[in-house]
Amino acid sequence: MTTKVSMAAAINLALRHAMERDDKVLVMGEDVGALGGVFRVTEGLQKNFGEDRVIDTPLAESGIVGTAIGMALYGFRPVLEIQFDGFVFPAFDQIVTQLARMRYRSRGTLTTPVVVRIPFGGGIGSVEHHSESPEAYFAHTPGLRVVAASNPVDAYWLLRDAIESDDPVIFFEPKRRYWQSGELETDRAASGVPPMGSAQVVRSGEHCTVVAYGAMVGTCLAAAELGEEHGISLEVIDLRSLSPLDMDTVARSVARTRRAVVVHEAPRSLGMAAEIASRLHDDLYYDLEAPVQRVTGYDIPYPPSRVEEDFLPDAHRVLRAASRTFEY
Amino acid sequence: MSEFEDPIVQLLDPAGQLSDAAAAGAFSTEQLVGLYRDMVLLRRLDAEATALQRHGELGLWAPLKGQEAAQIGSARALGPRDFAFSSYREHGVAYVRGVDPVDMLSFWRGTQHLAWAPKKFGMYGYQIMIGAHALHATGYAMGIAKAGNVDRADPSENEAVVAYFGDGANSEGDLNEALVFAAVYNAPVVFFCQNNHWAISEPLTRQTRVPLARRADGVGISGMRIDGNDVLACYQATSEALERAHSGGGPTYIEAVTYRVGPHTTADDPTRYRDSVELDQWLLRDPIERLAALLRAQGALSAEVETDLEQDAEALGERMRAGCKNLPEPILDEQFEFAYAEIDPDLRRQRAELAEHLAAVGRA
């Protein structure tokens, strides 16, 4: 059955259903209780599941992740909310030195099924440390699964999968898409949403493949609309999983279009696009008609919000990059 | 006024009565009127900025209403050679340090990350990361001590630092590490905690089981618990702590017990999580009203003084409204110059790419 919901509501529903299904699932974070989170993603959960399962934590991000690791070792499945992307850095130590390594360190005998939800990215006119795209740090860390949702139904199923996963998952939510609504299908088979780890072609096209994740998927779909007016047919792939990468889906598309653009808000150097471009050059060297193009944030810290519109990739930049692939 | 029984230092009670006349005698009428004036203007500054946010001129604002005494009282104790590090709510401290309120707005409007020149005002800019600056304050103070600028023959040459933070910050690792460093190096730093009882939606009890001032004992430094809505107690306690720091006596932790009357920020709605009864009780302890009551009783608050002050507040509001809209817009191209001492060829290429793109789409 489908209903029209916002991404925030879809994530809320995924948490609710996961908690109903498994009483080991807990929600932890700053202001997730009575307030329902600063984005209202956990709204009503504490009322329904109680303070034992929906836990307002002290203001200590390292503490949130560190104690979740302990609870996971005891048998719980904590789903953490880091209030804003920039606030994950005090928890970086626990995520990288502990959460990511528990299975490896124990030769596979211990698991820490913790999900770390992080609203990420810019475009909401906010102050410093509220518009970051830190995904590459985590994708660069072996032992973590890293995913990014782009729309309500995807967010719902990705989160359900993340909570089921026995590996720790860093779950990125594009905050500027929280209030965009879409159809939510809560029957998995009918939803057509692939399992966590898979990418998905979200728009078919002929001339060039555009790969994106999170908020940039919407931007790339807009670029595809724009492209149609200019006679350029873009195929848009929602990467969904940043670690591991589903290169089969990406390569299958690029083998056909022979051109690729990779898009993210995060700075360019050593970002996700660099990895994907490298893999495409490895696998499709003889098929590519042009070097893989990158449309990204610039290699400077996120700017003051009054100028973020110039910083963030938009449909025009994506389309111009796609056009460049025809100049070779 | 507090869930804990530990004593609270108070010089001026909510009714405007001096509870320790001897200590309060240290304040001249002129000084009392000055503190009153500061708080009234600060309340206007805060209300004006809140209104500007409501009108879409600011992206966000963190109101300080209710915390005027804690900020004005403590900041007025700082000397010109002292330095402050603050969170994002200390508009009153910035005001006392001489920062133009219009410059404060630039941060919240999104035109710049650092709203004023720290060295010029003896105060670093707004810090968003909770508690991060407590370490910076401690390190700055360690620098002061290393440079020999404590316990000098001429006391006017002494320097010290005040770190401003809230009850929630006490839970962060950085704050606790700052206390450890400050203690073991005997750094000339004052930790000024405005316990306003709420970290967004989380009450004080989510951060601590004991009064925050007891943190001082845990690391072996001086601690004080004061009425944060009593501007005289805030001034006196901070003066004492700074005197200790200046003379080589090391750090002090001050817990100023106050209340966040408004929302966490303009994006917050406190009616979702807190009781209006609690708010009503705190409104009876207003920091400005009690000083007004004292001044009236002393005959120091004439109609003329009040009228002048109202006019000044009105002028401040007008200046903020006009200044906000005229703040220079940031230019992304310029931002490329600030990430490194020298811009490298690679980044220069990206900068050129930006210019080329903006020109191509007609946004240059």
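1. Basis of the model. Because the model is predicted, local features are reported at pLDDT of at least 70 and side-chain atom pairs count only at pLDDT 80 or more, while totals for chains, interfaces and linings use all residues. Residues are numbered from 1 along each chain as its sequence is written, and chains are lettered from A, with ligands numbered from 1, in the order in which they are written.

2. The contact between the chains. Helices here are DSSP runs of H or I with at least four residues, strands are runs of E with at least two, and both are numbered from the N terminus.

3. Six strands of chain B form an open sheet in the order S2-S1-S3-S4-S8-S7, with parallel pairing; two strands pair if DSSP finds at least two bridges between them. Strand S2 (123–126) and S7 of chain B are the edge strands, each pairing on one side only, and the twist from one strand to the next averages 20°. Within this sheet, strand S3 (residues 161–166) of chain B runs parallel to strand S4 (residues 189–195) of chain B and is joined to S4(B) by six bridges, with Cys193(B) as the bridge partner of Phe165(B).

4. Strand S7 of chain B. Although S7(B) is an edge strand, five of the six residues of S7(B) (residues 222–227) are buried, which means that 20 or more other C-beta atoms lie within 10 Å of a residue's own, whereas 12 or fewer make a residue exposed and counts in between make it partly exposed, with C-beta atoms placed from the backbone. S7(B) is joined by six bridges to the parallel strand S8 (residues 252–257) of chain B, and Asp227(B) stands opposite Val257(B) there.

5. A helix pair in chain B. Helix H2 (residues 29–54) and helix H12 (residues 287–297) of chain B pack at an angle of about 145°, with their axes 10 Å apart; the axes are lines fitted to C-alpha atoms, for helices over the stretch in contact, and angles run from 0 to 180 degrees between N-to-C directions. Residues of H2(B) in this contact include Leu32(B), Tyr36(B) and Arg43(B), and those of H12(B) include Pro287(B), Ile288(B) and Leu295(B). The residues of the contact divide into 12 nonpolar, no polar and one charged.

6. The sheet of chain A. An open sheet of seven strands has the order S3-S2-S4-S5-S7-S6-S12 in chain A, with mixed pairing, and its edge strands are S3 (54–56) and S12 (241–243) of chain A. Strand S6 (residues 145–148) and strand S7 (residues 169–174) of chain A pair in the parallel sense over four bridges, with Ala148(A) opposite Phe172(A).

7. Two buried residues in chain A. Thr219(A) lies in helix H9 (residues 215–229) of chain A and counts as buried because 24 C-beta neighbours lie inside 10 Å. Thr219(A) and Asp314(A) are 95 residues apart in sequence, yet 6.0 Å apart in space, C-alpha to C-alpha. Tyr178(A), in the loop between S7 and strand S8 (181–185) of chain A, is also buried, with 20 other C-beta atoms within 10 Å; leaving aside neighbours within four places in sequence, Tyr178(A) is in contact with Ser6(A), Met7(A), Ala8(A) and Phe39(A).

8. Backbone points to check. Most residues other than glycine have a negative phi, and most peptide bonds are trans. Arg107(A) has a positive phi of about 55° and is exposed, with 7 C-beta neighbours inside 10 Å. The phi of Arg258(A) is near 65°, and this residue is partly exposed, with 16 other C-beta atoms within 10 Å. The peptide bond from Ser243(A) to Pro244(A) is cis, with omega near 0°.

Notes:
Two residues are in contact if their C-beta atoms, placed from the backbone, lie within 7 Å. Ala, Val, Leu, Ile, Met, Phe, Trp, Tyr, Cys and Pro count as nonpolar, Asp, Glu, Lys and Arg as charged, and the others, Gly among them, as polar.
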